[in-house]
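Subject: Structure handover

Hello,

Here is the structure for your records.

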Amino acid sequence: MRITIHPKYKNQEEAILQLVKSFFSEGDLIVKGSRNIIKSNNLGTEKVNIKFFQKPGILKSIIYSFFRSTKAKRSFDYANYLIDHNILTPFPIAYIEERNVLGLLGDSFYFCQQINYDFTIRELIHDPLFANRKEILEQFTEFTYKLHEAHVNFLDHSPGNTLIVKRENMDYDFYLIDLNRMKFEPLSIEKRMDNFKKMWLSKLMVQIISKKYAQLSHQSEEVLKAILMDKSQNFKRKIAKKKFLKRKIGR
């Protein structure tokens with residue numbers, strides 16, 4: 001078992017390993033997927049989240065063992081990158097990888113602080129009358145612009161992957177989660193607008209986001225709006241086509 005711990009938590013190594021050992025029998029379930037599980041538990045006096053990545057198949061195990069960072073390691077490294085660039089994300093505590101005698105990856109775990117958030121972007125999408133919707137979308141656009149300026153292309157920039165904490169005076173904090181799919185590169189305007197496409201934006205939301213992004217980037221609002229509308233609509237058509245084909249095949 002290989003363990004990497006943030007220096008702030010180095011003195012809690014034994015407690016972290018104990019949470020790994022008791023992962024399946026203790027803690028509060030947050031998400032149970034086909035291969036990944038997220039639970040919350042207590043690390044001392046602090047509430048933490050633990051994400052379990054199931055042992056990959058043999059081919060992926062070889063790739064993650066020798067050619068590419070594991071999902072747990074990427075989550076930890078990317079969180080540190082974001083924090084170094086003043087971008088909010090749940091604080092990275094540790095990651096643990098189980099390896100066999102050949103060095104092949106087995107199960108792995110990622111630990112981070114738990115964020116008590118108020119809502120995600122998903123709630124805004126489904127509720128056009130959501131309180132302060134325009135202000136939240138504008139601040140979310142600023143948050144995404146900050147990501148882009150830090151050369152972060154977050155490939156899973158979707159409605160559930162930004163936690164939002166409400167503060168005073170209509171100010172909001174945005175925390176990025178589910179971090180293991182990122183590219184770090186300078187982003188063109190096309191790529192920047194493409195990064196919003198998974199948000200399932202309405203025409204009004206496109207208008208709000210493109211206007212705010214134009215102010216921040218000193219680009220043409222009309223150009224950004226046209227690109228963003230095209231990216232968003234193409235994404236929606238692609239998803240609709242996939243669902244249609246699934247229904248056809250399922251008959």
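Is E138 buried, partly exposed or exposed? The model is a predicted one, and in it E138 has a relative accessibility of 22%, so E138 counts as partly exposed. The cut-off for buried is under 20%.

Salt bridges

The structure holds 13 salt bridges. One of them joins E138 to K134, with 2.7 Å between the closest N and O atoms. K134 is partly exposed as well, at 44% relative accessibility. Both residues belong to helix α5, which covers residues 133-149; because they are four residues apart there, about one helical turn separates them.

E142 pairs with K212, the closest N and O atoms being 3.6 Å apart. E142 is in helix α5 and K212 is in helix α7 (residues 203-217), so this pair ties together parts that lie 70 residues apart in sequence. K212 counts as buried at 18% relative accessibility, whereas E142 is partly exposed at 36%.

E149 forms a salt bridge with R192, and here the closest N and O atoms are 2.9 Å apart. Since E149 lies in helix α5 and R192 in helix α6 (residues 189-194), the pair ties together parts that are 43 residues apart in sequence. E149 is partly exposed, with a relative accessible area of 43%; R192 is buried, with 10%.

Elsewhere, D156, R181 and K198 are linked in a network of salt bridges.

Largest pocket

The largest pocket has a volume of about 860 Å³. It is lined by 41 residues, and V31, I38, K51, I177 and D178 are the closest to its centre. By type, the lining divides into 19 nonpolar, 16 polar and six charged residues. At least two lining residues come from each of β2 (28-32), β3 (36-43), β4 (46-53), α2, α3 (71-84) and β6 (105-113). β6 gives the most, with five residues.

Surface patch

I58, L59, I62, I63, F66 and F67 form a nonpolar patch on the surface. Together they have about 650 Å² of accessible area. L59, one of the patch residues, lies in helix α2 (residues 58-66). L59 has a relative accessible area of 61%, so L59 is exposed. Helix α2 is also among the elements that supply at least two residues of the lining of the largest pocket.

Regards

Notes:
Residues are numbered from 1 along each chain as its sequence is written. This is a predicted model: local features need pLDDT of at least 70, side-chain atom pairs count only at pLDDT 80 or more; totals for chains, interfaces and linings use all residues. Side-chain values use heavy atoms; hydrogens and water are left out. Patches are made of residues with over 30% relative accessible area and no salt bridge: like charges are joined within 9 Å, nonpolar side chains (Val, Leu, Ile, Met, Phe, Trp, Tyr) within 5 Å. Accessible areas come from the Shrake-Rupley method with a 1.4 Å probe; for residues, only the protein chains shown count as cover. A salt bridge is a side-chain nitrogen of Lys or Arg within 4 Å of a carboxyl oxygen of Asp or Glu. Buried means under 20% relative accessible area, exposed over 50%, partly exposed in between (1.4 Å probe, protein chains only). On a 1 Å grid over the protein atoms alone, a cavity is a set of points where a 1.4 Å probe fits but cannot get out, and a pocket is an open set with protein on both sides within 12 Å along at least five of seven lines; lining residues have an atom within 4 Å of a point. Grid points are joined across faces, edges and corners, and a volume is the space filled by probe spheres set on the points. Ala, Val, Leu, Ile, Met, Phe, Trp, Tyr, Cys and Pro count as nonpolar, Asp, Glu, Lys and Arg as charged, and the others, Gly among them, as polar.
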